[in-house]
Amino acid sequence: MTFSAQTFQFFLQSLPVGAELNSAEIASIQSLSVAQKYYPPHTLITGQGEFEHRLFFINSGWGCIYRDLANGDRQIIDFPVRGELVGMRSAEGPNYNSFASVADVSVFEVSAKAFYAMLEQSPRLSSYFMRVASRQRSIIIEHLTNCGRRSALARAAHLFLEFASRLDAFGALSDNSYECPLTQYELADALGLTPIHVNRMLRELRERKLVSFRNGIVKIHDWYELAGLSNFDPDYLALRTLS
């Protein structure tokens, strides 16, 4: 099916604040064939090593992008959330990583070939999605810095602030609180820690009255002290308006 009014409105909301599309750009977007799919928790959507021809816009829920290792371990690379795009590639070939649902996930799936053809016809949309790819790269760089150079406590603090900033873009942050379906095992795989170590960091953040994480809800109690502890600067998450 082509973009419905609901999916088109979602796509508009995915663009940066202040973006205005011209009639040709609107027609290009509306010409895309899109399928809305729902995946229950912990469902593999596309696997490492598979040849994938779809792109995924997250409509709701949390996803998980990770690399499988030969010894059975995994490294979680990112947790895409509402409004974010999964699957843009620099070249054709098998997937570098796996993409799965963490909680219930709703996605809009589009043909990668059709999407890239659309971008070839629209310099402004192409420029914007280059910025999307650059933002994703910036997120990965921060996650690499987390695992490589920040202390365990700073890693957890930085990730919780990043989630808050990303969710706030779609109104999913309320009174510095947000829903977070992640387990300590998933946090451990993302932070390069053991689940026991993650538990200790969560306890320390709670005892220092910086962050609490209970019953699937993260509450940030002191944003500025937490940002100072983790050296968090949200500029790497910014997306500029179309020009």
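User: Which helices and strands each supply at least two residues of the lining of the largest cavity?

Analyst: The model is predicted. The lining of the largest cavity includes Ile-76, Ile-77 and Asp-78, and strand 5 spans 74–78. His-143 and Asn-146 also line the cavity, as do Ala-190 and Leu-191. The elements that each supply at least two lining residues are strand 5 (74–78), helix 4 (123–149) and helix 6 (184–191).

User: Which element gives the largest share of the lining of the largest cavity?

Analyst: Helix 4 and helix 6 each supply at least two residues of this lining. The largest share is 3 residues, and the element that provides it is strand 5.

User: How do the residues of the lining of the largest cavity divide into nonpolar, polar and charged?

Analyst: Phe-79 and Leu-159 are among the lining residues, and both Phe and Leu count as nonpolar. Asp-78 is also in the lining, and Asp counts as charged. The division is 6 nonpolar, 2 polar and 1 charged.

User: How much space lies in the largest cavity?

Analyst: The model has 1 cavity of 30 Å³ or more. The space in the largest cavity is about 60 Å³.

User: Is Asp-175, with its positive phi, buried or exposed?

Analyst: Most residues other than glycine have a negative phi. Asp-175 has a phi near 55° and lies in the loop between helix 5 (152–168) and strand 9 (177–179). Its relative accessibility is 62%, so Asp-175 counts as exposed.

User: What is the phi of Lys-209?

Analyst: Lys-209 is located in the loop between helix 7 (195–207) and strand 10 (211–214). Lys-209 is exposed, with a relative accessible area of 62%. Although Lys-209 is not a glycine, its phi is positive, at about 60°.

Technical notes: Residues numbered from 1 in each chain as written. Predicted model: local features only at pLDDT ≥ 70, side-chain atom pairs only at ≥ 80, totals over all residues. Heavy atoms only, no water. 1 Å grid on protein atoms, 1.4 Å probe; cavity = no way out; pocket = protein on both sides within 12 Å on 5 of 7 lines; lining within 4 Å. Points joined across faces, edges and corners; volume = space filled by probe spheres on them. Helix = DSSP H or I, 4+ residues; strand = E, 2+ residues; numbered from the N terminus. Buried < 20%, exposed > 50% of the residue type's maximum accessible area, 1.4 Å probe, protein only.
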